[in-house]
Amino acid sequence: MTPMDQKSHKQLEIAFKRDERAKANFVSALRRHVFEDLAESLHQHYNQRTKEQIKKALPTPQTARAVHQFLRNDEYFKFYSALRVSSQDLLYQTVRAPIERAQESLYNISKKLARRPNLGSLILHPELPIPRSVTDIDIHLMPGSYHSEYCTDDLTMGAVYENRLKISTFGLFGPNLDDIGQSMARFIRERFPYMLPKKILDLGCTVGHNTGAWKDIYPEAEVYGIDVAAPCLRYGAARARLQKRSLHFEQMNATALKFPSQSFDVVFSSMFLHEIPHKQIPKILFETHRILKPGGLMLHMELPSTSQLSAFDSFYLDWDSHYNNEPFYQAFRTINLRKLVVQAGFNAENYIQDVVPSFSALGDALWRAQLKSNRPINSSKTGRLSSGIQWFFFGAQK
Ligand SMILES: C[S@@+](CC[C@H](N)C(=O)[O-])C[C@H]1O[C@@H](n2cnc3c(N)ncnc32)[C@H](O)[C@@H]1O
């Protein structure tokens with residue numbers, strides 16, 4: 001199945017009024033302008049300012065932190081940052097009212113679908129403690145974080161996540177918002193053609209948009225998604241059932257997985273580890289190593305490390321830590337990933353990292369051609385929300 005012929009989940013679509021739709025379109029266009037045009041101008045502006053420094057025989061910033069210090073009082077940088085923060089705030093303001101109106105209907109759809117349990121499953125554990133890293137922070141300025149519930153068996157935060165993702169990524173993630181999953185799963189099928197995974201797990205799956213891509217590429221596999229946030233999992237289960245994908249969702253903390261040792265062939269995550277407190281990341285990798293079968297693959301799509309990018313590109317990614325309520329992001333980017341993987345129990349020679357081009361942007365033929373070309377991690381497109389994006393991942397084979 002390709003992203004184009006996927007069955008839709010139209011019933012979960014939120015009815016925006018005309019003015020709300022206009023606002024959503026405006027916010028999406030504003031985001032594109034900020035992430036593409038203004039970001040590019042900011043980079044040029046920085047190059048110009050550093051050239052002037054060199055002319056005056058003054059030092060230029062050599063680290064992400066130094067770039068931030070150098071730019072933080074700069075008028076252009078302040079304008080860029082103010083607009084980017086405003087566009088983020090506007091995102092949530094735009095989706096909130098229509099989703100509140102849809103609350104009851106989302107609930108009813110989810111209840112109706114739950115009566116058809118032959119397609120996938122949903123297991124919730126209301127007694128599971130939700131980590132403070134989720135409850136105490138409105139991560140990326142998202143009011144209510146992932147876990148908040150506003151009525152019984154609520155789906156609100158799942159709907160907020162999907163709709164804010166749709167608007168904020170201005171088409172980059174494909175029509176089903178699953179470009180990371182599609183690109184990564186296809187890449188693994190190309191690189192490890194002998195692998196026929198029977199069980200695949202997505203850690204921190206939120207609404208399962210990237211989880212489903214693994215089922216498309218490996219239809220024979222049992223595909224699981226875990227997350228701590230019940231509203232996102234309820235929404236994800238309804239979404240998958242409407243799309244006729246059999247996915248298994250369970251509320252679980254990735255630091256203490258309830259699965260038996262050596263039970264999975266692939267453990268994947270995307271955009272997950274950078275939202276986890278520094279001290280808990282080794283536990284998650286240790287758990288991943290435990291549940292993988294020998295020969296199994298661990299894959300984390302993430303932000304590239306500070307050491308792999310230029311000072312400016314690194315500063316650009318760290319922007320979210322300073323201004324977008326992403327408190328763990330910057331520390332994550334300083335981790336020595338190879339060392340982390342080895343400490344979790346993998347052999348150093350089995351460490352893998354690569355960048356994967358965006359499948360939905362390129363289509364099959366161009367995407368395959370790009371796989372054959374040299375794709376440096378330190379390209380200005382790696383992990384950047386702009387056209388030409390490519391996904392960085394690290395991991396290991398057990
Ligand atoms: C940025 S989202 C992940 C996004 C998603 N994987 C994607 O590809 O877009 C982070 C998710 O991790 C979940 N989460 C945070 N801490 C967790 C933990 N310790 N165990 C499991 N899930 C966790 C959050 O509830 C949230 O849904």
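**Figure 1. S168 in helix α5.** S168 sits in helix α5, which covers residues 156-168. The model shown here, and in every view below, is predicted. S168 has 22 other C-beta atoms within 10 Å, so the residue is buried. Leaving out residues up to four places away in sequence, S168 touches R31 and L91. E36 gives a further reference point for this view: S168 and E36 are 132 residues apart in sequence. In space, their C-alpha atoms lie 13 Å apart.

**Figure 2. F187 in helix α6.** F187 belongs to helix α6, which spans residues 179-191. Is F187 buried or exposed? F187 is buried, because 21 other C-beta atoms lie within 10 Å and the threshold is 20 or more. R368 is included in the view. F187 and R368 are separated by 181 residues in sequence. From C-alpha to C-alpha, F187 and R368 are 9.2 Å apart.

Figure 3. Most residues other than glycine have a negative phi. A57 has a positive phi, near 60 degrees, and is not a glycine. A57 lies in the loop between α1 (18-55) and α2 (64-71). L177 is not a glycine either, and its phi is positive at about 60 degrees. L177 occupies the loop between α5 and α6. Which C-beta counts go with these two residues? A57 has 6 C-beta neighbours inside 10 Å, so A57 counts as exposed. L177 has 22 C-beta neighbours inside 10 Å, so L177 counts as buried.

**Figure 4. Strand β2 and its two faces.** Strand β2 runs through residues 199-203. The strand is mostly covered, with 5 of its 5 residues buried. K199, L201 and L203 point one way from β2. I200 and D202 point the other way. Both sets are buried, the charged residues K199 and D202 included.

**Figure 5. From β2 to β3.** β2 pairs with strand β3 (residues 222-227) in the parallel sense, over 5 bridges. Within this pairing, I226 in β3 is the bridge partner of L203. The chain passes from β2 through helix α7 (residues 211-217) to β3. This β-α-β crossover is right-handed.

**Figure 6. β2 beside β5.** β2 also pairs with β5. These strands are parallel and share 4 bridges. L203 stands opposite S269 in β5. L201 has V267 of β5 as its bridge partner. How much of β5 is buried? Strand β5 (residues 264-270) is mostly covered, with 7 of its 7 residues buried.

**Figure 7. From β5 to β6.** Strand β6 covers residues 292-302. β5 and β6 run parallel and are joined by 6 bridges. F264 has L292 in β6 as its bridge partner. Between the two strands the chain goes through helix α9 (residues 281-291). The β-α-β crossover from β5 over α9 to β6 is right-handed.

**Figure 8**

**Figure 9. The whole protein, for orientation.** The protein comprises 13 helices and 8 strands. Its radius of gyration is 21 Å, close to the 21 Å that the globule rule gives for 398 residues, so the protein is as compact as a globular protein of that length. The C-alpha trace spans about 70 × 55 × 45 Å along its principal axes. Buried residues account for 44% of the 398 residues. Among contacts with a separation of 6 or more, 80% link residues 24 or more positions apart.

Notes. Residues are numbered from 1 along each chain as its sequence is written. This is a predicted model: local features need pLDDT of at least 70, side-chain atom pairs count only at pLDDT 80 or more; totals for chains, interfaces and linings use all residues. The radius of gyration is taken over C-alpha atoms; the globule rule is 2.2 Å times the number of residues to the power 0.38. A residue is buried if 20 or more other C-beta atoms lie within 10 Å of its own, exposed if 12 or fewer, and partly exposed in between; C-beta atoms are placed from the backbone. Two residues are in contact if their C-beta atoms, placed from the backbone, lie within 7 Å. Two strands pair if DSSP finds at least two bridges between them. A crossover is right-handed if, with the strands pointing away from the viewer, the path from the first strand over the helix to the second runs clockwise.
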